[in-house]
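Work through the following exercises with the sequence and the structure at hand.

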Amino acid sequence: MDFIDFDTYDTGSNNDAAITSLPEPAPPLLLPINTNLTSKFKGLSLLRNSNADENAIKEDGQQTTVNNTTQTAEKYAKLSLKLFEEPVADTNLLSGLPASKSTLNDHFTTQNTARPDSILSTKLANVLNNYGTNESGLRDALSIIQQKSDLDLQGLIRSDMLGSIHRRSFRSDIESGLLKEHTAVLREFQPVVQKVESLGQKITKLNELNTAVNDNHAIDPTVLKKIEDLSTKKNLLVLKKSILQSFKKNFTLTQYEEHYLSNEDISIEYFQILHKCKTIHTNCSILLTLDNPVLGVKIMEKMSKFLDLSYQRISFFVSTQLELAMSDGTRYNSSKNPPQDLRLMKISFFYLANNLKYFDDITTKLVTSRSKTIVDDFMYQSNNADSFDNSRPIILSAHDPIRYIGDILAFVHSTIVNEIELISSLFQISQDSEEPEYERSEFEEHLIKMENLEDVNRSLKVTIERILGALSRPLKVRTEQIIRSEKRLDVLQKIFGLLDLYKVMFVKQLGKDSECSLLETLDSLKSLCTEKVFGVLKERLTIVEKMLATEEWALDDDSLLAPDWLREWLDESLLLFGDGSSSEEKPMALTDERFSDLCCLLIEKPSELYNKQAKTLKGDKVSSLIYRLNCLDLVTYKIVTISQLSETQEKVQTTIKELEETLTTEQFNLLLKDAGLDIHQQLIQLVFPLEQIQDDDDYFMYSSLIENKLFGKAKLLEIDTQLHEFLPTALVDIQQAVFKISSPSIANDVITGSSGKFLKLYEVFYKIVKMLYEDDPDTILNFTAYDVSTLLGVEDVYRRSPTITS
């Protein structure tokens with residue numbers, strides 16, 4: 001921008017002559033620029049102009065050929081007047097800038113007559129004419145000028161010294177900005193340049209080596225051989241060094257590590273060194289496979305000494321920590337042991353599990369201590385009778401056997417849960433810590449993986465089973481004492497249920513494959529309950545049998561109801577099946593064989609007793625049958641709701657049907673005897689069975705009976721007379737005979753069955769008599785089959801039977 005001399009428009013002179021002699025007006029600015037300049041600058045606000053300005057500039061350019069001064073001045077004046085008349089915006093080269101920043105526009109507006117001289121015209125013309133060859137550079141330069149917010153156009157175009165200073169300062173600012181931009185661009189290429197330079201140095205060295213090799217291609221072969229030998233020896237030495245370093249790292253301990261194992265306190269670092277020592281001892285098996293195993297043996301002996309010393313120190317540490325932690329004798333006291341010690345104890349148990357000698361010593365002490373603690377607590381709870389004890393000992397519920405045994409088993413279950421939690425917290429490294437800030441180290445995470453692989457739970461499980469096994473004997477003694485003294489079957493059944501329930505709960509805590517003696521104790525107590533139930537049943541049956549042998553328990557012929565002892569027996573013994581359960585499970589988990597024995601004791605043995613008692617009745621056979629039916633009906637009533645006794649119920653029902661048929665036959669025979677048809681019935685059956693009669697033609701089979709005296713007219717008239725005396729009261733007599741049957745349905749079946757059989761016989765007898773005396777005008781039998789059915793109250797049977805109604 002320093003293309004105008006500061007003294008060109010010097011107006012600061014004090015010379016009056018200079019002031020009075022005005023310079024000749026300068027011609028318009030001549031810009032011989034290309035015609036397509038506007039289209040190239042249409043994106044810049046600095047050079048925006050209206051079409052009128054462009055035409056005016058072109059006309060001014062055309063007028064530059066005139067050399068006459070007067071004509072030039074005249075045109076210059078016209079052009080100046082034209083600029084005053086036109087709007088300012090039309091001649092503003094910076095119309096695209098904001099109003100507050102259009103300083104150059106204001107300058108053109110106020111000083112339109114102040115035009116630069118030919119020097120400025122020449123320089124601008126040179127710049128703009130060269131625009132075609134440097135288009136992007138000029139655009140960037142104009143853009144930079146346009147972005148200047150502090151652009152002082154008034155100062156930049158001044159012709160004095162200050163204008164020159166402004167222009168020089170403006171140029172310095174532009175150059176500084178450009179340098180910063182270029183520096184930023186070059187800084188991006190700096191890493192690439194550095195890499196290229198580094199690569200160039202290597203390439204240079206390679207070129208030098210290549211040149212040296214090419215120059216010495218004719219070197220002595222012996223020298224080359226020597227070089228190759230030295231190179232081979234060097235490689236061997238490097239290999240030996242790496243092997244020795246690896247061997248030292250993997251098969252030796254440093255002096256610091258040996259000192260730490262021998263003298264320092266137990267810590268995480270201690271176990272890390274111990275783990276390294278154990279790994280070395282294990283890996284020595286590789287050295288033993290060498291031709292000379294002496295080195296491997298020596299290393300193993302040395303590592304074994306360190307391992308034994310470490311296990312001894314760890315054992316002492318664990319013993320001390322356990323004594324301190326369980327000093328109160330009840331449970332692990334975490335307040336006396338910080339979390340760091342607990343973590344160290346877990347890792348200690350993990351490593352001691354590999355040495356049975358020290359591990360067994362520690363676990364034996366732990367088992368002894370914990371066993372004594374839980375047994376003492378159990379004995380205190382089951383023996384202490386202090387009513388002021390806030391812990392509410394178990395002995396307070398000793399008056400209720402079920403509650404007492406339930407409390408004992410609940411105490412044992414809570415003890416199992418507590419012991420598993422305690423021992424797990426000591427043995428398992430993976431057990432979560434109670435400390436919120438607790439974070440496992442990388443070494444502990446590695447041990448957890450090893451713990452899962454080596455199954456430390458086996459040692460944990462064995463220890464827990466040994467501790468809890470101490471409760472087996474006192475639990476068995478207390479529970480067995482209650483079971484042996486109990487004689488109520490329902491209580492024994494509930495005790496068995498408690499034992500079975502808590503065994504499931506114990507197995508859930510200890511595992512299905514647990515060998516804890518507590519589970520064996522529960523199984524033995526369950527077996528004891530079962531044997532006690534069978535013993536009580538047998539004992540009661542023996543007592544009943546002895547009582548029935550005395551005269552005081554003789555049956556009363558007037559009653560024939562089921563005896564009280566049978567009712568009491570069923571009420572008490574059937575409590576084994578619960579409240580009318582619909583479950584198919586056998587009571588007390590009995591096997592099929594044992595369940596059959598139970599059913600025999602419950603149903604068949606009492607059946608033998610009341611059958612034996614029925615034989616002592618002084619009445620007829622009907623009374624004995626009725627008594628047995630009443631007993632069986634009571635048994636059916638008691639067991640009908642018990643699904644487990646469904647097969648037994650079917651057997652009882654079969655026996656009832658047999659007795660019912662026998663009683664029906666006896667009642668039928670009694671009807672025949674009272675009617676005087678007993679001999680006739682046998683004779684008819686002998687000639688042709690009643691069951692085989694199908695139509696009226698079959699009755700001709702009885703034609704030969706006319707020759708028999710029993711079917712003589714006189715004998716038949718006697719029978720008719722006897723029927724007139726018997727039939728009107730026959731129904732009442734039958735009802736009186738079966739009145740003592742307790743079941744109305746059985747009594748009704750007996751009455752209907754016997755009367756129906758008599759009706760069928762009488763109908764056949766009536767038709768035979770009618771056929772034999774068909775030509776006799778006198779009526780021998782006055783009662784028809786329908787009359788007999790009406791008198792016996794079996795009209796329905798008469799209507800339903802096709803044989804009778806035909």
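**Exercise 1. Helices H23 and H24**

Determine at what angle H23 and H24 pack and how far apart their axes are, and classify how the two helices run relative to each other.

Solution. In this predicted model, the axes of H23 and H24 lie 11 Å apart, and the angle between them is about 175 degrees. Angles over 145 degrees count as roughly antiparallel, and H23 and H24 are therefore roughly antiparallel to each other. The next step is to list the residues that meet: on the H23 side these are Trp 565, Leu 566, Trp 569, Leu 570 and Ser 573, while H24 contributes Leu 601, Leu 602, Pro 606, Leu 609, Tyr 610 and Gln 613.

**Exercise 2. Helices H22 and H24**

Find how close the axes of helix H22 (residues 517-548) and H24 come and at what angle they cross, then state which residues of the two helices meet.

Solution. The two axes come within 11 Å, and their crossing angle is roughly 5 degrees. Because angles under 35 degrees count as roughly parallel, H22 is classed as roughly parallel to H24. The residues of H22 that take part include Phe 534, Leu 537, Leu 541 and Leu 548, and those of H24 include Arg 594, Leu 598, Leu 601 and Leu 609.

**Exercise 3. Two aromatic pairs**

Describe the geometry of the pair Phe 247 and Phe 251 and of the pair Phe 577 and Phe 595, and place each pair in the chain.

Solution. A pair of aromatic rings is described by the distance of the centres and the angle of the planes. The count of aromatic pairs comes to eleven. One of them is formed by Phe 247 and Phe 251, whose ring centres are 5.0 Å apart and whose planes make an angle of 20 degrees, so that the pair is stacked. Both residues belong to helix H11 (residues 221-251), and because they are four residues apart there, about one helical turn separates them. Phe 247 is partly exposed, with a relative accessible area of 25%, while Phe 251 counts as buried at 13% relative accessibility.

The rings of Phe 577 and Phe 595, in turn, have centres 6.4 Å apart and planes at 85 degrees, so this pair is edge-to-face. The pair links distant parts of the chain, with Phe 577 in the loop between helix H23 (564-573) and helix H24 (592-614) and Phe 595 in helix H24, 18 residues apart. Both Phe 577 and Phe 595 are buried. The ring of Phe 595 also has the charged end of Lys 586 sitting over it, 5.7 Å from the ring centre.

**Exercise 4. The surroundings of Met 300**

Identify the helix in which Met 300 lies and the residues with which Met 300 is in contact, leaving aside its neighbours within four places in sequence.

Solution. Met 300 lies in helix H14 (residues 294-325). With those neighbours set aside, Met 300 is in contact with His 281, Cys 284 and Leu 288. Cys 277 is 23 residues away from Met 300 in sequence, and the two are 9.8 Å apart in space, C-alpha to C-alpha.

**Exercise 5. The chain as a whole and its confidence**

Solution. The protein chain has 32 helices and zero strands, and of its 806 residues 38% are buried. Among contacts between residues at least 6 apart in sequence, 74% join residues at least 24 apart. As for confidence, the mean pLDDT of the chain is 77, with 73% of the residues reaching 70 or more. Over residues 1-23 pLDDT stays under 50, and the model has 27 contacts beyond four places in sequence for them.

Conventions:
Residues numbered from 1 in each chain as written. Predicted model: local features only at pLDDT ≥ 70, side-chain atom pairs only at ≥ 80, totals over all residues. Heavy atoms only, no water. pLDDT = per-residue confidence, 0-100. Contact = heavy atoms within 4.5 Å. Phe/Tyr/Trp six-rings, centres within 6.5 Å; stacked < 30°, edge-to-face > 60°. Buried < 20%, exposed > 50% of the residue type's maximum accessible area, 1.4 Å probe, protein only. Lys NZ or Arg CZ within 6 Å of the ring centre and 35° of its normal. Axes fitted to C-alpha atoms, helices over the stretch in contact; angles between N-to-C directions. Parallel < 35°, antiparallel > 145°, perpendicular 65-115°, else oblique.
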